[in-house]
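Please open the model in a viewer and display it as a cartoon. The tour moves from the whole chain to a single element.

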Amino acid sequence: MIWESVKDLTDTVDTDQIQQLEGIIRAVGGVESCNNVRLRKMGPSSIVDARIRVGRNLSVSAASQVAERTRVAVMREMKEVTEVLVHVTPDTRAWTGISEQGTSSPGAAPEDDGIHHLRSHVEVENDVRKALQNVKAIKRVMHVHVDYLWGRVQVRCGIELDDTLRVWQAVEIAREARTEIEVKVPDVSQVDVAIDLNEVCWGQCGLTFGPACATSFKLKRDHQGEDVEDEAPKPKP
């Protein structure tokens, strides 16, 4: 009797159950890999402890949503599991840096949670990129970041436009891009679009390198008209 009680309070090494757990976790969108998966029995109940790796460029809220969806997936597939602790680590296999980790909120029933039902950041990003393909003036989608805030999906994206455009034209294209996302990806509640005009600064002022000079010229041209074309920044010989 004592020996059975001791076994119930220690980590089990049931290979089949561990493999089942790993399969469930790896199937969750956004999980790059998992390790240190443990199953601890406490009488008729079981507690799962696992570490997952996610993309290192994910926002904290997106990583938390992946962890929460992992917790819910395990509890759905394994009814005997009453609590799941998910530790999140950024995937550093191609990068060296400091790893942060967090834990999803344990104990709550899947149906009571506010974010697990939302689509994964991978699905949202793919749909956003598809939507932006319909805006022909966009030369390149530079990034798409998905956040999960207050139970809603929010998107931040950067687009590259032609450097011959005027500022008002770039603003119109950004507005078109935002509308396209709102229509084609209806579960996104907020969209922010950042514009890169692909400007080039050649350091002619001797103070800095970057897009500041060329962008300043473009703003001045839009306000004063074509008379300032000769003032356009030119590369050093």
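The stops below begin with the overall chain and then turn to one helix.

**The whole chain.** Select everything, bearing in mind that this is a predicted model. Coloured by secondary structure, the chain shows six helices and seven strands. Followed from the N terminus, these elements run in the order α-β-α-β-β-α-β-α-β-β-α-β-α. Now display the surface: the accessible area of the chain is about 13,800 Å², and carbon and sulfur atoms account for 52% of that area. Of the 237 residues, 38% count as buried. Where contacts link residues at least 6 apart in sequence, 59% of them join residues at least 24 apart.

**Helix α5.** Next, select residues 167-184, which form helix α5. The C-alpha atoms at its ends lie 26 Å apart, in agreement with the 26 Å that its 18 residues should span at 1.5 Å a residue.

**The buried side.** Which residues of α5 are buried? Show the side chains of Ala170, Ile173, Ala174, Ala177, Glu180 and Ile181 to see them. In general, an α-helix has 3.6 residues a turn, so residues three or four places apart point the same way.

**The opposite face.** Finally, select Trp168 and Val183, exposed residues on the face of α5 turned away from its buried side.

Key. Residues are numbered from 1 along each chain as its sequence is written. This is a predicted model: local features need pLDDT of at least 70, side-chain atom pairs count only at pLDDT 80 or more; totals for chains, interfaces and linings use all residues. Side-chain values use heavy atoms; hydrogens and water are left out. Helices (H or I, at least four residues) and strands (E, at least two) are DSSP runs, numbered from the N terminus. The expected span of a helix is 1.5 Å times one less than its number of residues. Buried means under 20% relative accessible area, exposed over 50%, partly exposed in between (1.4 Å probe, protein chains only). Contact means heavy atoms within 4.5 Å. Accessible areas come from the Shrake-Rupley method with a 1.4 Å probe; for residues, only the protein chains shown count as cover.
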